[in-house]
Amino acid sequence: MSTMTMADNAFDTADSRSHALVHARIMLRRNLRHMQRYPSLTLMVTLMPLVFLLLFVYIFGGTLGSGLGGVMPAGLHGGRSAYANYVAPAIIVMAVAAAAQGTAIAVAQDMTEGIIARFRTMAVARSSVLTGHVAGATIQTMAGVVVVTAVAIAVGFRPHANVAEWLAAVGVVLLLTFAVTWLCVGLGLSAKSVETASNSPMFLILLPFLGSGFVPTNSLPVGIRWFAEYQPFTPVNETLRGLLTGTKIGDNLIITIAWCVGTAVLSYVWSRRLYEREPKPR
Amino acid sequence: MELTQHVEVRDPAPERGSVTTVTATTGTTTAVAAISARGLRKSFGEKTVLDGIDLTVPQGTILALLGPNGAGKTTAVHLLTTYLRPDAGEIRIAGQDPAKNPQAVRRAIGVTGQFSAVDGYLTGRENLMLMADLHLLPKKVGRRRAEELLERFELAEAGDKPALTYSGGMKRKLDLAMTLVGGPKVIFLDEPTTGLDPRSRRTMWDIIRGLVAEGTTILLTTQYLDEADQLAHRVAVLDGGRIVAEGTPAELKARIPGGHIELAFADRAELAAAATVLSPAGRDDDALTLQLAGDGSVSTLRALLKRLDDANVDVESLTVHTPDLDDVFFALTGTKGA
């Protein structure tokens with residue numbers, strides 16, 4: 001076993017940051033392989049926002065578009081095409097939330113696997129299992145967002161953003177992904193069963209409906225309207241819509257950043273703590 | 001394997017029950033403890049699972065931790081492998097203290113738990129490569145190790161199938177192969193043959209013997225006396241969270257009452273007739289059986305049957321009982337084990 005000496009030497013600094021990165025990359029590869037080999041979960045979370053997109057554009061879009069009033073910029077008044085442009089950012093947000101739900105399920109499922117117990121008795125950087133999941137989820141989410149955006153364009157979404165606005169939009173989507181993914185990693189870790197893990201992130205799918213994603217908030221009854229204006233998905237939607245279709249952004253960008261960074265940091269700390277706690281005897 | 005090692009055990013407070021300091025240097029073969037534990041305790045809530053156990057496993061030997069379900073075997077393995085933290089007690093694994101430097105302990109050990117710890121979605125080969133990557137072996141070296149292990153464990157043919165399609169025995173073998181990728185000096189095997197068919201069990205025993213022949217130290221848990229007998233240099237009997245006996249298999253067996261012979265009769269008259277010519281250790285009038293002390297050797301049986309023949313007593317059946325784990329527990333604890 002001549003390889004052992006080598007392994008020992010290589011491990012002398014196993015706790016260093018660079019090894020945490022190497023281990024995270026190995027875990028990422030493992031997660032990508034899972035997704036590729038068993039694509040049903042990926043497929044489910046990508047199809048869901050597409051169904052909503054087609055439903056809202058082709059079934060409700062004609063009527064809803066006429067009720068938008070002067071919300072959209074000139075040239076996008078009334079009808080189905082106006083509504084396609086109004087709803088597309090909300091569908092992108094929904095794609096992010098749906099993918100995050102998939103992450104909660106994947107994490108909860110993974111924690112039931114014996115191999116996680118094995119990792120705990122190996123000199124593997126502690127954080128790498130979770131960062132591997134988040135990195136994999138980010139790649140999956142961005143792929144889903146690209147598909148959803150492409151289909152949205154095919155059904156009448158006409159973004160007119162310059163390069164800087166496109167980059168900013170990608171940045172906002174990434175930030176949102178990071179926040180809800182870490183939140184769902186925490187939900188997946190805290191779930192007692194895989195079923196719970198698939199139910200608990202449901203609120204992330206429902207929240208965009210109680211905001212400015214599908215109808216302008218000023219059309220809502222007072223109580224719901226108040227909630228809609230202060231809940232985090234509204235500024236995210238307003239920012240994305242502004243960057244992609246040219247509506248007013250105002251202070252929505254800064255509120256979006258605050259919500260996302262806050263959620264990401266708290267969820268990260270929560271998830272790490274859940275993962276580090278002493279495992280239950282099996 | 002060239003090994004220049006200076007194992008230093010820091011022992012700041014040499015109080016009662018502290019671990020002996022061990023020093024290993026090249027060239028000298030001293031009995032170095034690869035695993036040692038003193039006063040290990042663990043409770044889950046109200047339930048005390050380990051109530052102060054001491055263990056020592058010299059380098060290059062096998063210790064079998066023998067006990068029924070719920071004796072605390074798995075918890076002991078969890079504590080020794082940094083999976084769980086003890087409530088009290090001192091542990092040294094390859095000279096390292098898991099309380100102070102868990103990563104150093106993890107680098108020295110390999111663990112095959114009671115529950116399958118393979119990634120079912122990955123193939124056998126990918127599982128082994130995953131281990132090689134996590135041990136930071138160069139790709140080429142990792143690939144070679146994976147091939148070697150697939151060959152050695154007769155998994156080469158199934159190497160490209162997902163592990164969840166494997167049979168129980170194949171999963172166990174893959175599990176152990178994954179443990180060996182990093183070349184651990186100390187290996188923990190939690191019930192390595194539970195649920196295996198007799199043939200796979202033999203294969204597993206051969207593999208374990210091979211590892212010790214290479215100088216690996218092994219702690220294994222088992223419910224089977226014959227497994228401990230076959231493999232272990234020393235056996236520690238765990239019952240209700242305490243070590244109730246420790247010794248070589250021969251020492252342990254000497255403490256167990258020998259086997260017995262059971263005779264069954266067709267009716268009570270035959271039973272009574274037999275009881276007068278023999279000196280039974282036990283008699284059951286309802287089951288129509290007699291128990292006799294004896295080891296079941298051919299000469300004992302021949303003599304016994306001759307005496308029954310001479311007295312014209314008909315025996316319906318004869319059974320020879322060899323000592324099993326139940327007998328060990330009965331002898332050592334005075335209570336029925338599992």
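Q: In this predicted model, which hand does the crossing have where H4(A) passes H6(A)?
A: Let's start with the two helices themselves. Follow H4(A) as it passes H6(A), and the crossing you find is right-handed.

Q: Is H4(A) roughly parallel or roughly antiparallel to H6(A)?
A: H4(A) and helix H6 (residues 128-154) of chain A pack at an angle of about 150°, and their axes are 9 Å apart. Angles over 145 degrees count as roughly antiparallel. That is why H4(A) is, relative to H6(A), roughly antiparallel.

Q: How many charged residues does the contact of H4(A) with H6(A) have?
A: On the H4(A) side, the residues that meet H6(A) include A:Ala84, A:Ala88, A:Ile91 and A:Ile92. On the H6(A) side, A:His133, A:Ala137 and A:Gln140 are among them. By class, the contact has 13 nonpolar and six polar residues, and the number of charged residues is none.

Q: Is A:Ala98 buried or exposed?
A: A:Ala98 is found in helix H4 of chain A. A residue needs 20 or more other C-beta atoms within 10 Å to count as buried. A:Ala98 has 24 C-beta neighbours inside 10 Å, so it counts as buried.

Q: How far apart in space are A:Ala98 and A:Leu47, C-alpha to C-alpha?
A: Leaving aside its neighbours within four places in sequence, A:Ala98 is in contact with A:Val45, A:Met48, A:Pro49 and A:Ile205. A:Leu47 is 51 residues from A:Ala98 in sequence. In space, C-alpha to C-alpha, the two are apart by 9.4 Å.

Q: Is H11(A) oblique or roughly parallel to H12(A)?
A: Helix H11 (residues 233-245) of chain A packs against helix H12 (residues 252-276) of chain A at an angle of about 130°, with their axes 8 Å apart. Their crossing is left-handed. The angle is why H11(A) is, relative to H12(A), oblique.

Q: How many charged residues are in the contact of H11(A) with H12(A)?
A: H11(A) brings A:Pro235, A:Val236, A:Glu238, A:Thr239 and A:Gly242, while A:Asn252, A:Leu253, A:Ile255, A:Thr256 and A:Trp259 come from H12(A). Five of these residues are nonpolar and four are polar, and the count of charged residues is one.

Q: How many nonpolar residues are on the side of chain B that touches chain A?
A: Here 31 residues of chain B are in contact with 30 residues of chain A. Elements of chain B that each supply at least two residues to this side include helix H3 (124-134) and helix H4 (139-152). Nine residues of this side are polar and six are charged, and the nonpolar ones number 16.

Q: What percentage of the residues of chain B count as buried?
A: Chain B has eleven helices and 13 strands. Among its contacts between residues at least 6 apart in sequence, 65% join residues at least 24 apart. Of its 338 residues, the share that count as buried is 41%.

Technical notes
Residues are numbered from 1 along each chain as its sequence is written. Chains are lettered from A and ligands numbered from 1 in the order in which they are written. This is a predicted model: local features need pLDDT of at least 70, side-chain atom pairs count only at pLDDT 80 or more; totals for chains, interfaces and linings use all residues. Two residues are in contact if their C-beta atoms, placed from the backbone, lie within 7 Å. Helices (H or I, at least four residues) and strands (E, at least two) are DSSP runs, numbered from the N terminus. Ala, Val, Leu, Ile, Met, Phe, Trp, Tyr, Cys and Pro count as nonpolar, Asp, Glu, Lys and Arg as charged, and the others, Gly among them, as polar. Axes are lines fitted to C-alpha atoms, for helices over the stretch in contact, and angles run from 0 to 180 degrees between N-to-C directions. Angles under 35 degrees count as roughly parallel, over 145 as roughly antiparallel, 65 to 115 as roughly perpendicular and the rest as oblique. A crossing is left-handed if the near helix is turned anticlockwise from the far one by less than a right angle, and right-handed if clockwise. A residue is buried if 20 or more other C-beta atoms lie within 10 Å of its own, exposed if 12 or fewer, and partly exposed in between; C-beta atoms are placed from the backbone.
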